[in-house]
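Keep the structure in view as you read.

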Amino acid sequence: MPFRGDGEHVDGGAATGGRGLLGKFGARAARSGAEAIPNLHTREALLLLQNYEESGRGWFWSTDTKGRLTYITDAVARLMGRSSGELLGTPLTDLFLPPESHGERQRTLPFLLTRQSKFDDLPLRSAFEGDDRWWAISGRPHHDDRGNFCGYRGSGTDITAQRRSAEDASRLALYDSLTGLANRFHISKKLDTTLAAFSQQQRSCAIMLLDLDRFKQVNDTLGHPAGDALLKQVAERLLKIVGDKEMVSRLGGDEFQIILPDIEDRGRLGDMAADIIGSLSQPYSVEGSRCIIGASVGVAIAPFDGQSSEDLVRNADLALYAAKGNGRGRFRFYSSDLHQSAEDRRALEEDLRDALARGQMELTYQPVVNAKSNMVTGVEALLRWNHPDRGPISPALFIPIAEEANLIWPLGEWVLRKACEDAARWPGDLRVAVNVSAIQFANGDLPKIITSALSNAGLPADRLELEITESVFLADSSETARMFTALKALGVRLALDDFGTGYSSLGYLQSAPFDKIKIDQSFVRGATVKGSRNAAIIAAIVALAEALDMETTAEGIESLDQLDLIRKLNVSHVQGYVYSKPVANAELVEHTEGGAWTIKPSGPARQRNDRFQMFRKVHAIHDNHRYAVVIRNLSRTGAFIEGILDVPVGTQFVIDFGEGQLATATVRRSINHQQGIEFEQSMVSDGNGGLCTRHRVSPYLIAAASQQAANTLVLPAFSTSSDWKAA
């Protein structure tokens, strides 16, 4: 019979699903007989529950003994893309994603329902497509008067806002808000965890620390919003190379860190570091401006360079410091001698501050030769530092120090004035080329200094050539254009130096009045290698220069086959050891006193692997003998050693370079106490102009071998049949 109260009619029966909680409870009351008719307070309670449902702040559900829905608030069903009628009979568990899908660690809903356990505020995510809500679900098992389980009754609350707020807070705690990369805290924890696990498993793990070069100039020139936009693009480029977002972090400012599990191959790591540097050095478009920065990378590998995160990060940072100190735009592997190098560098900085005043600086001049006539048409001024205790110091070492110590401006001014003074005294009309750094170029006083140097020396402006690198095009700003206009108005020549180093732009040649393009030596050195495309690139550069009425100079030519190729490609000028090393001013004057200076090219017939002259003490191991030897020169494929007498050709050695670096080598030439050896596996670049072994012997293996040796009771006797005398 119909349920009545206060003169209102309430429908019962099967159609209660659309009438909400009040309708369902009314139907149950009607079926249970007149004694179940609720009083006024019950009626009010049901109305309050119905209002609660309709408010959207919470909802109700119930199931049968098999966990199938017998009731669900219609408004929530619609949020799930269904009606309550469609969901009746559906297992409650089908409404939500399993916890494993979203990383929750809790007792699962199926487990709780099976155990007939009560639960409160169980966080669950909607399983319906397009519904990204989170619900806090509570439920109680329902029993009849006899204690039989009848199903569940429960409620739910929308916790999506709280959940997202918590996720945002967690994200802020673990991820960089600007780039979305892991932050310092997150990556530090990950590195700790990784190294702890890998130490037990005796696995390797490399880290890279990155620092952006010239990023401060972007902030100073274009503002911090542009700098932020640039950092986002840097993060995107890093992710394209590394792949795993969780392994790339922004430590703060323009510093980044990368974790590379299970990689200890320094050839592979060097290639990745070079790829990162090349990618980050490509131009950026930021708020309508074109920006160019660079990057330096320091690499350390566990367990070789440290087994704790503190040691590994400290050593990677030391390698980064060395990379930046050796010219930027480089990578560097950690080695133990970097600690001393850092101290030496600090001492050099102090000495450099007084080097000019003490007369320790001098200029040398490398000829620039007409490729067809072999006639010297000009020279490039190269700064040299003669340290009173250390002797000659490479510009690759002290120029970066000068830039960091704000000494590049006085040094650059001295070079300009000295080069003009020397050139004014040379017989003939040789041009002198002087490098201008980006720091000098950005100084508005540069044209005044050049005018003063030319005037004081009495040198015609067209005999001075300024070599400018692409780093001056940090942004296509009006200041850059005005500087080019001012310099060209002086009558000096302009050359674009190191063209082709990864981010060259035709826009430079269109906007800046260059007279010459200098082709970077990296293209020349690989041009004669079989399969290289460098020759085609050089040909394209030459064609472009000719179309724009510019000269071309190829740098770093050392072999006759390189020279032949350069001539065939119609490069107009050549600079390199195939013609001459840099010479002192007095020697240059002697060569030019008779008029034209012509140089006949000479050098090796073919390009060879770079050889590094050195005096490095290492050990050569053969059978059970360990010999102290000295490496006189080193290339990727072999070395020249001395220290052992009369070694037969074909003998195999293991060369111990120290710090776990072992290289198997075979003697190919042997004369008295000197041997030419060939490596079984080629050496790889150490990122600093030197070479290192691709792999190292793990400290885990060394420790195991030491333990085994300690436990060995009988030591093997040394063989004497193949002994040689130490020289």
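Let's begin with a pair of helices: helix 11 (residues 309-325) and helix 12 (residues 338-355) pack with their axes 10 Å apart and at an angle of about 45°. Angles under 35 degrees count as roughly parallel and 65 to 115 as roughly perpendicular, so helix 11 is oblique to helix 12. Bear in mind that this is a predicted model.

**Where the two helices meet**
- The crossing of helix 11 past helix 12 is left-handed.
- Helix 11 brings Asn315, Leu318, Ala319, Tyr321, Ala322 and Gly325 to the contact, and helix 12 brings Leu338, His339, Ala342, Arg345 and Arg346.

- Five strands form an open sheet in the order 9-10-8-13-14, and their pairing is mixed.
- Strand 9 (248-252) and strand 14 (331-333) each have a single partner strand, so they stand at the edges with one side left without a neighbour in the sheet.
- From one strand to the next, the twist averages 20°.
- Strand 9 and strand 10 (residues 255-261) run antiparallel and are joined by four bridges.
- Val248 has Ile258 in strand 10 as its bridge partner.

**Helices on the sheet**
- Helix 7 (residues 184-201) packs on the sheet and touches strand 8 (205-213), strand 9, strand 10 and strand 13 (294-302).
- The direction of helix 7 makes about 25° with that of strand 10.
- Helix 9 (residues 224-242) lies across strand 8, strand 9 and strand 10, and runs at about 10° to strand 10.

Notes:
Residues numbered from 1 in each chain as written. Predicted model: local features only at pLDDT ≥ 70, side-chain atom pairs only at ≥ 80, totals over all residues. Heavy atoms only, no water. Axes fitted to C-alpha atoms, helices over the stretch in contact; angles between N-to-C directions. Parallel < 35°, antiparallel > 145°, perpendicular 65-115°, else oblique. Left-handed = near helix turned anticlockwise from the far one by under 90°. Contact = heavy atoms within 4.5 Å. Pairing = 2+ DSSP bridges.
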